[in-house]
Amino acid sequence: MMAGLGGLQLLAARHAFRCVHEVSHLVVATALRAAVVVGGRERRSGSDARAHVPELYEIWSVANLKTALWGSHVVVPKFGGRGDRSGSGGRGGSGGSTSARLTSVVSIESIIEAGGWVFSAFLAIYATLSFTRTCEAVGGGDDDVHPNLGWPWWAVLAAWWTALDAASSDLLGISVSGRSSCTSSSWCFECGNFGLILLSEEHRDKVTSILRTMVQVTMMRGAQSGGVVTYYPSSQGSGTGYVGVRSRVTNGKRTDLSKLVTEKMVADARGASLKYGRPKCPQVFAGHTRFATTSKASFDGTHPHQWTPQAVYDVFTLKTAANQVSWEKKKLPIEVFICHNGDLDFFKVAEVTYPISTVQTWLTRATHSPMPATVDSCALAGVMDLLRCQGVWYHSIRYGFLFGPTRSSLEYDMPTKAQFAEAAKVAQEIFETLATEFIHTAHEASAQSSKTVPVISVAAEPL
């Protein structure tokens with residue numbers, strides 16, 4: 001972790017490299033668009049060729065450059081393949097054949113994606129080689145290499161940061177869920193939020209300054225509100241879980257959002273330490289700054305979002321040892337927080353797609369919790385409440401009821417919370433009984449054999 005000037009230089013370089021990465025997508029898209037036009041233009045008239053100029057203007061539009069600079073994504077209008085037919089009759093076919101040659105192995109979208117992460121990776125490698133050569137030259141007394149001409153450490157680190165981020169999103173497909181500017185006729189390439197993982201107590205005093213610097217950088221894409229969530233040990237249930245502590249603020253006309261967020265976080269940390277005790281490492285800090293694009297900036301619309309309040313449940317965890325498999329049951333606090341870039345315009349249930357307004361109404365009935373905020377990102381937190389069910393019978397039974405049957409509407413009779421709880425209680429009792437019976441069977445088999453038999457044990461509380 002770095003603080004002070006070096007940390008500011010690192011974050012500034014990170015933002016610069018991220019912008020360059022997004023622009024590289026536009027450069028590759030322009031080159032491919034030009035290849036399609038030139039390759040299929042042998043018999044086209046000049047007016048037919050000029051028909052593609054608006055597409056190039058759309059790629060390099062002011063709005064697209066702004067999103068590359070502040071929004072961490074770019075939008076490319078789709079082209080290529082059989083859908084890209086310019087001209088008429090046989091003349092138009094030549095353009096289609098050129099697109100096919102370009103995409104005979106991979107799609108144009110894949111090529112544009114690859115252009116981004118390949119360029120970022122090349123830049124990181126070049127920066128590393130330059131930095132290494134400079135260090136070796138200075139150490140070896142080489143007068144031909146001036147030490148100031150090499151890449152500084154913070155630029156090399158920022159280049160690799162960007163390259164790894166690009167590889168995760170463009171190569172591995174681990175991307176941010178909100179591609180708000182994308183449509184069925186466009187491709188979108190983007191990045192995400194900010195966060196920090198504290199691994200060692202010796203760096204705890206640097207957390208506030210680093211997060212403040214991060215907020216200052218992300219304020220470039222939105223400074224109307226912001227927040228951070230972190231986790232403290234919880235004494236609820238079995239006392240081995242964690243509870244989220246969320247700090248959110250809205251910015252004023254003459255206030256600094258980075259100071260407001262971190263000051264609120266520090267104040268909340270004092271109260272949380274008194275209530276829950278000192279936090280433990282590793283400790284996660286996840287944050288988001290917001291610019292309200294489709295709704296009014298408000299406190300309830302500020303990230304991180306939570307739909308369902310925290311509650312304590314029986315949680316089953318599978319434990320494995322050298323010769324034994326066991327289920328451990330603990331009472332733990334369960335809650336979900338999300339930081340979300342983009343829009344949640346619809347959600348699919350049983351192959352039927354529903355608009356966000358319908359989904360929000362359904363979420364209030366399915367979770368038995370009122371809607372905390374009308375913003376779409378908050379609804380995403382509610383969706384995650386329904387999907388995150390591993391190890392908890394209540395959530396698993398609810399998931400089966402909501403997503404198992406095929407329905408043509410979300411307007412149906414919803415069991416009460418007590419009915420879900422009763423069904424979960426029955427399922428849990430059956431599970432524990434079967435697990436206990438298996439233990440006896442396994443022990444009897446083990447007594448008749450010299451070999452140790454793997455068993456499933458269900459302990460008491462803790463189970």
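Reader: Why is Gly 252 called partly exposed?

Author: In this predicted model, Gly 252 has a relative accessible area of 38%. Buried means under 20% and exposed means over 50%, so Gly 252, at 38%, is partly exposed. The residue is found in the loop between β5 and α9.

Reader: What makes Tyr 231 and Phe 337 an aromatic pair that is edge-to-face?

Author: A search of the whole structure finds 10 aromatic pairs. In the pair of Tyr 231 and Phe 337, the rings are 6.3 Å apart, centre to centre, with 70 degrees between the planes. Ring centres must lie within 6.5 Å to pair, and planes over 60 degrees apart count as edge-to-face; therefore 6.3 Å makes this a pair and 70 degrees makes the pair edge-to-face. The pair links distant parts of the chain, 106 residues apart: Tyr 231 belongs to strand β4, and Phe 337 to the loop between β8 and β9.

Reader: How do you know whether Phe 337 is buried or exposed?

Author: Phe 337 has 14% relative accessibility. Because buried means under 20%, Phe 337 counts as buried. Tyr 231, at 29%, lies between the limits of 20% and 50% and so counts as partly exposed.

Reader: Why is the pair of Tyr 394 and Phe 420 called edge-to-face?

Author: The planes of these two rings stand at 75 degrees, and their centres are 6.1 Å apart. Since the angle is over 60 degrees, the pair is edge-to-face. Tyr 394 lies in helix α12 and Phe 420 in helix α13, 26 residues apart. With relative accessibility of 7%, Tyr 394 counts as buried, and so does Phe 420 at 3%.

Reader: Why do β3 and β5 stand at the edges of their sheet?

Author: The open sheet of 4 strands has the order β3-β6-β4-β5, with antiparallel pairing. β3 and β5 each have a single partner strand, so one side of each is left without a neighbour in the sheet.

Reader: How do you know that β4 and β5 pair?

Author: Two strands pair if there are at least two bridges between them. Strand β4 is joined to β5 by 9 bridges, so the two strands pair.

Conventions
Residues are numbered from 1 along each chain as its sequence is written. This is a predicted model: local features need pLDDT of at least 70, side-chain atom pairs count only at pLDDT 80 or more; totals for chains, interfaces and linings use all residues. Side-chain values use heavy atoms; hydrogens and water are left out. Buried means under 20% relative accessible area, exposed over 50%, partly exposed in between (1.4 Å probe, protein chains only). Rings of Phe, Tyr and Trp (its six-membered ring) pair if their centres lie within 6.5 Å; planes under 30 degrees apart count as stacked, over 60 as edge-to-face and the rest as tilted.
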